[in-house]
Amino acid sequence: MSYITIKQLVKTFNGKEVLKMLDLEIEEGSLTTLLGPSGCGKSTLLRSIAGLHPIDSGEIMIDGKRVDHLSPNARNIGMVFQNYALFPNMTVSENIRFGLDMKKMNKTEAAAKVEKMIELVGLQGKENAYPRQLSGGQQQRVALARALVTEPKVLLLDEPLSALDAQIRKHLQLLLKKVQMELGITMILVTHDQEEAMALSDYVYILNDGYIAQSGVPNDIYKHPESEFIAKFIGNYNVLDERQYEHLFSRPLADARFVAIRPETISAIPETNALELVGDVVSTAMLGSIVRYNVKIGEQIIHVDRLNRSHKQLDTDHQLRLYIKEEDMIKIV
Ligand code: ADP
Ligand code: MG
């Protein structure tokens, strides 16, 4: 049974459909990601769930109860935004305690909860600091603690890590996962970063232009893209249309409109049941743990990825022979 169920959700702004008949099911205690390019409707969906704007039609149920007519406060949902949105004139402790003060919780009980939250997000020693004295990562930890202190059943996070630099983002990704597992809270995370989505999520919904382009567990989406859009958006697939396929392999593409080939499945060692291609390396890109080779074959550039281990690199001085197995060519109809 899903914990959050969304049925046929439609949201328009000025007559333009921004969310087009969305259906989603979200498991209790899971971390679900809404992934998609900028402007596809991620924030609008999150704000609809939170009740921050009215929806046009459809149903939003949480724990078996319709909530789409309830005010935001009555939905028991916490929210974290990209820009922290802390109160500048309050200390860390005061910011975190805010929601408890609103509920008129007694001082001792509130202080104990705030202390627990400070520990959970690793802000010990910063209790009396003001937001301006904190780094971006620390401010986002405060925002997270503030959203969690009232013990919401659902936490919505709208690109919470997008403004942070890579290393701090990685730390906070781990923190989010830890918090989610420790509290068993249901989280919906919005991101446009496919690596972040793949690394953190139990389940992913990929949105494109207001509709769900594909959903599934990260590994399934990665291995079985169902459309050209997904193949290009996820995992840097080589996507070939019929004409490109014919040029490359000198045979027609049957039963599909596109073929998607993952860069890491292309080999430089002859393999059985593999098609051979001959090309020249035109450029290489160091992507950290992998090196990407851009290989020109006829008019087509094919990306080939190798783990970044010096003795296993491809020979870039000569014409390169590449091998692609039939089973690594994913057909998209
Ligand atoms: P994302 O978060 O995926 O980048 P948004 O949900 O913010 O996308 O926006 C989706 C679409 O809805 C965009 O075309 C955006 O311009 C439009 N939109 C969002 N909020 C409003 C609003 N308050 N009024 C009018 N149009 C809006
Ligand atoms: Mg957004």
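Predicted model: local features only at pLDDT ≥ 70, side-chain atom pairs only at ≥ 80, totals over all residues.
Residues are numbered from 1 along each chain as its sequence is written, chains are lettered from A and ligands numbered from 1 in the order in which they are written, and side-chain values use heavy atoms, with hydrogens and water left out.

The protein chain contains 9 helices and 17 strands; these are DSSP runs numbered from the N terminus, with helices (H or I) of at least four residues and strands (E) of at least two. Its C-alpha trace spans about 75 × 45 × 35 Å along the principal axes. Of the 333 residues in the chain, 49% are buried, where buried means under 20% relative accessible area, exposed over 50% and partly exposed in between, for a 1.4 Å probe and protein chains only. Leu 120, in helix H3 (residues 107–120), is buried with a relative accessible area of 9%. The C-alpha atoms of Leu 120 and Tyr 84 are separated by 18 Å, and the two residues are 36 apart along the chain.

Rolling a probe the size of a water molecule over the atoms shows where empty space is left. The search runs on a 1 Å grid over the protein atoms alone: a cavity is a set of points where a 1.4 Å probe fits but cannot get out, a pocket is an open set with protein on both sides within 12 Å along at least five of seven lines, and lining residues have an atom within 4 Å of a point. Grid points are joined across faces, edges and corners, and a volume is the space filled by probe spheres set on the points.

The largest pocket holds about 720 Å³ of space. Its lining has 19 residues, and Asn 73, Ile 77, Gly 78, Met 79 and Thr 150 are those nearest the centre. Strand S6 (77–80), helix H2 (92–102) and helix H4 (136–148) are the elements that give two or more residues to this lining. By class, the lining of the largest pocket has 12 nonpolar, 5 polar and 2 charged residues; Ala, Val, Leu, Ile, Met, Phe, Trp, Tyr, Cys and Pro count as nonpolar, Asp, Glu, Lys and Arg as charged, and the others, Gly among them, as polar.

The second largest pocket has about 360 Å³ of space and a lining of 14 residues, with Glu 195, Tyr 222, Gly 235, Asn 236 and Ile 290 nearest its centre. At least two lining residues come from each of helix H6 (194–200), helix H7 (218–223), strand S14 (290–297) and strand S15 (300–307). Domain 1 (4–226) and domain 2 (236–332) each contribute at least three residues to the lining of this pocket; the domain bounds come from an automatic or database domain assignment. The classes here are 6 nonpolar, 3 polar and 5 charged.

There are also 2 cavities of 30 Å³ or more in the whole structure. The largest cavity, of about 50 Å³, is lined by Val 80, Gln 140, Leu 144, Leu 157, Pro 160, Leu 161, Leu 172 and Leu 176. H4 and helix H5 (166–183) are the elements that give two or more residues to that lining, which has 7 nonpolar, 1 polar and no charged residues. The second largest cavity, about 30 Å³ in volume, is lined by Lys 113, Lys 116, Met 117, Val 149 and Glu 151. Its lining divides into 2 nonpolar, no polar and 3 charged residues.

Glu 151 also stands out in the backbone, with a positive phi of about 55° although it is not a glycine. Most residues other than glycine have a negative phi. Glu 151 lies in the loop between H4 and strand S7 (154–158) and, at 46% relative accessibility, counts as partly exposed. Asp 63, also not a glycine, has a positive phi of about 50° and is placed in the loop between strand S4 (57–62) and strand S5 (65–66).

The whole structure has 5 aromatic pairs. In one of them, the rings of Tyr 245 and Phe 249 have centres 4.9 Å apart and planes at 50°, so the pair is tilted. Rings of Phe, Tyr and Trp (its six-membered ring) pair if their centres lie within 6.5 Å, and planes under 30 degrees apart count as stacked, over 60 as edge-to-face and the rest as tilted. Both residues belong to helix H9 (residues 242–249), 4 residues or about one turn apart, and Tyr 245 and Phe 249 are both buried.

Two charged side chains sit over rings, as defined by NZ of Lys or CZ of Arg within 6 Å of the ring centre and within 35 degrees of the ring normal. Lys 11 lies over the face of Phe 13, 4.8 Å from the ring centre, and the charged end of Arg 146 is over the ring of Phe 87, at 5.3 Å from its centre.
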